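Me: Hi! I have a structure to look through and I'm new to this. Can we go over it together?

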Amino acid sequence: MDTVNQIDPDHARLARELAGQGVKYAVAAWVDVLGRPKSKTVPIDHLPNLLAGSERYTPRGMGGIGRMNPVEDEIAGLPDLSTLQVLPWDRRVAWMVADMSFGGREPYALCPRSILKRQIAAAAEMGYVCQLGVEPEFYVFKPESLATGSAGLVPISLSEQIRPSPAYDVQSTLDSLPFLDRMCDYLTELGFGVFSFDAEGGDGQYEFDFAHAPVLESADRITLFRLAARQAARECGLYATFMPKPYSDLWGSGAHFNMSLEDRTGVNMFRDETGRQGWSKEAYQFVAGVLHHAPALTALANPTTNSYRRLVDRLADGEISWAPTKISYGYNNRSCMIRLPANRPALENRAVDSAANTYLTAAFMLAAGLDGIRRGLDPGEPRDDLSYTGDIPRLPRTLLEAVEAFRTDPLTAEVFHEAFVRDYVEMKTGEWERAHRDVTDAERDAYLLNL
């Protein structure tokens, strides 16, 4: 079988070493627009061929990447050997992340990882290295939650149904350790640098916090994180979901992005003890760029119709939702879209949700921040009040509104190939239209006999 690149003899030795450890198979996963990994699986003795680009795909239509096109050229998956790890839940499998390429000649226009790498290169041209830490939230629930007529997600234990919220509750966390302990073991073995986990605001909702890393590495981690969460849940007889808002009375699941810039020597460029509140001029300009492009960014950071059930001022019970709705920033103000926290030299984007493709969202957020630095933008005054009530611009209320902002923002054409913009806009517009056409039970209850 032909390969894109020449086979490296050293890779045969690596294959033998892995086989000696009990590894039987290898995958080199590219990531679709939905953030799910896709790959063929090869026997471990085929690893040298895999690394040389032997595996080809027709990816269009798979996971929302454009419409299926049976006459389009195949793409090759080019593995990143530096990402190779043996999966701790199945040591028969070696895992790698791959870039999608047309025959090794050029990146595939719809490859999320390649899109992010272009923005990493743009930052490097300005002398910056981007770091990213992600705070993923998700729900874990019992299978009976899927039964017809179920009133909601059934958590692991009843202690997670305490009111007003199980957030940070020690008993809820301890009762969930069958899953959480397994998950923590997996992430630790994978080198995530876990430093905390907890029960979050929703019944059966959790968050893991782990070390920040260069932005590409962090995006690769989140791909593996989601795979690990689903696997650990299944091994406990449970399911995990990254749906942003499974039920209207549940807390939404975010994936806050903590992004910073360093210089080439590793010095953080956002802290300045002589600057306003200890933040540098570049930090404020970066914030201003993200805020300026926030409506377009929302189409990526909140990529489903369900995402906009989370971006509301209040929960179903009337309590503050903690999710941002306004294009604003503050220092320790968690009602704002952007927070400049006191305990870390990174801006926190609180608008990103659990469904976001980390590569795409990080690429546009980084580009927006760099645009703010290049243009010397000013974010204005920070908010120290509850931003929900402020007379300030609002984030898009629907996926359709966000997609329109994405389509018309000039930065979009700089970050993404026109083929990606065309296909993403078409895919997400269609998603909104399908949801908008559905007549729901709630509508029938409201209108059928009352109009």
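Me: Let's start with Asp391. Is it buried or exposed?
Reply: Asp391 counts as exposed, because its relative accessibility is 80%. Keep in mind as we go that this is a predicted model.

Me: Thanks! And where is Asp391 placed?
Reply: You'll find Asp391 in the loop between α10 and α11 (399-408).

Me: How far is Asp391 from Lys326, in sequence and in space?
Reply: In sequence, Asp391 and Lys326 are 65 residues apart. In space, their C-alpha atoms are 9.0 Å apart.

Me: OK, charges next. How many salt bridges does a search of the whole structure find?
Reply: The search finds 22 salt bridges. As background, side chains of opposite charge can pair when their charged atoms come close.

Me: Which residue forms a salt bridge with Arg375?
Reply: That is Asp371, and the closest N and O atoms of the two are 2.9 Å apart.

Me: Where do Arg375 and Asp371 sit in their helix?
Reply: They are in helix α10 (residues 358-375), and because they are 4 residues apart there, about one helical turn separates them.

Me: And how open are they, buried or exposed?
Reply: The two ends of this bridge need separate answers. Arg375 is partly exposed, with a relative accessible area of 46%. Asp371 has 11% relative accessibility, so Asp371 counts as buried.

Me: What about Arg383, which residue does it bridge to?
Reply: Arg383 forms a salt bridge with Asp385, and the closest N and O atoms are 2.9 Å apart. Arg383 is partly exposed at 22% relative accessible area, and Asp385 counts as partly exposed at 32%.

Me: Which residues do salt bridges with shared partners join into one network?
Reply: Asp80, Asp99, Arg113, Lys117 and Asp220 are joined into one network that way.

Me: Switching to rings. How many aromatic pairs are there in the whole structure?
Reply: A search of the whole structure finds 23 aromatic pairs. One of them is Phe138 with Tyr206, a tilted pair at 6.4 Å centre to centre, with 55° between the planes.

Me: Where do Phe138 and Tyr206 lie in the chain?
Reply: Phe138 is in strand β8 (residues 129-141) and Tyr206 is in strand β10 (residues 205-210). The two are 68 residues apart, so this pair links distant parts of the chain. Phe138 counts as buried at 0% relative accessibility, and Tyr206 is buried with a relative accessible area of 0%.

Me: What sort of pair do Phe420 and Tyr424 form?
Reply: Phe420 and Tyr424 form a stacked pair, 5.4 Å centre to centre with 10° between the planes. They are 4 residues apart in helix α13 (residues 418-437), which means that about one helical turn separates them. Both Phe420 and Tyr424 are buried.

Me: Which residues do ring pairs link into a cluster?
Reply: The cluster consists of Phe138, Phe179, Phe192, Phe197, Tyr206, Phe208, Phe210, Phe225 and Phe242. Phe192 also has Arg221 lying over its face, at 5.6 Å from the ring centre.

Me: What lies over the face of Trp279?
Reply: Arg271 does, at 4.2 Å from the ring centre.

Me: Now strands! How many bridges pair β5 with β6?
Reply: There are 7 bridges between β5 and strand β6 (residues 93-102), and the pairing is antiparallel. Pro79 stands opposite Ala98 in β6. β5 and β6 form a hairpin, with 6 residues between them.

Me: And what joins β4 to β5?
Reply: 2 bridges join strand β4 (residues 56-57) to strand β5 (residues 75-86), and the strands run antiparallel. The bridge partner of Tyr57 in β5 is Ile75.

Me: Last one: which residues form a nonpolar patch on the surface?
Reply: Val170, Leu174 and Leu177 do, with about 250 Å² of accessible area together. Leu177 lies in helix α5 (residues 177-189), and Leu177 is partly exposed with a relative accessible area of 30%.

Definitions and conventions. Residues numbered from 1 in each chain as written. Predicted model: local features only at pLDDT ≥ 70, side-chain atom pairs only at ≥ 80, totals over all residues. Heavy atoms only, no water. Patch = residues over 30% accessible without salt bridge, like charges linked within 9 Å, V, L, I, M, F, W, Y side chains within 5 Å. Areas by Shrake-Rupley, 256 points an atom, 1.4 Å probe, with all protein chains shown as cover. Salt bridge = Lys/Arg side-chain N within 4 Å of Asp/Glu carboxyl O. Buried < 20%, exposed > 50% of the residue type's maximum accessible area, 1.4 Å probe, protein only. Phe/Tyr/Trp six-rings, centres within 6.5 Å; stacked < 30°, edge-to-face > 60°. Lys NZ or Arg CZ within 6 Å of the ring centre and 35° of its normal. Pairing = 2+ DSSP bridges.
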